[in-house]
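Q: I would like a close look at a single part of this model, with the cut-offs spelled out as they come up.

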Amino acid sequence: MAVVVNKKVIKKADKSTVASICPMGVYTYDPKSDTLSWDNEKCISCGACASVTTPGAIEVVYSVEEAEERQQDLDK
Ligand code: SF4
């Protein structure tokens with residue numbers, strides 16, 4: 001249970017939205033530095049964050065390991 005965040009696609013408004021709507025408190029957003037961080041260990045893959053953000057900004061996957069691999073590819 002985890003998410004992958006496409007940093008090239010996600011918008012500032014998306015970041016504050018996901019930080020407020022995630023039921024598990026996965027995201028932390030610092031508006032001053034526009035920095036979003038997330039803890040995949042808390043994610044239950046409910047999909048709420050992906051459904052309210054810019055298409056392609058967040059992908060829900062089903063293991064932390066898969067998320068780490070996908071995130072590394074995206075961050076290249
Ligand atoms: S899928 Fe659900 S639990 Fe996981 S980060 Fe998104 S809103 Fe939070």
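This is a predicted model: local features need pLDDT of at least 70, side-chain atom pairs count only at pLDDT 80 or more; totals for chains, interfaces and linings use all residues.

A: Residues are numbered from 1 along each chain as its sequence is written.

S45 sits in the loop between strand 3 and helix 2 (48-51), where helices (H or I, at least four residues) and strands (E, at least two) are DSSP runs numbered from the N terminus. The protein chain as a whole has three helices and four strands, and from the N terminus on these elements run β-α-β-β-α-β-α.

S45 counts as partly exposed because 16 other C-beta atoms lie within 10 Å; the scale calls a residue buried at 20 or more such atoms, exposed at 12 or fewer, and partly exposed in between, with C-beta atoms placed from the backbone. The backbone of S45 has a phi near 55°, a positive value in a residue other than glycine. Most residues other than glycine have a negative phi. D34, in the loop between strand 2 (27-30) and strand 3 (35-38), also has a phi near 55°, but D34 is exposed because it has 10 C-beta neighbours inside 10 Å.

S45 is also one of the residues around the ligand, among them C43, I44, C46, G47, A48 and C49, together with V3 and V60; a residue is placed there if its C-beta atom, placed from the backbone, lies within 6 Å of the molecule. By class, this shell has ten nonpolar, two polar and no charged residues, where Ala, Val, Leu, Ile, Met, Phe, Trp, Tyr, Cys and Pro count as nonpolar, Asp, Glu, Lys and Arg as charged, and the others, Gly among them, as polar.

Y62 is found in the loop between strand 4 (58-61) and helix 3 (64-75), and Y62 is exposed because it has 11 other C-beta atoms within 10 Å. The C-alpha atoms of Y62 and K76, which are 14 residues apart along the chain, are separated by 22 Å.
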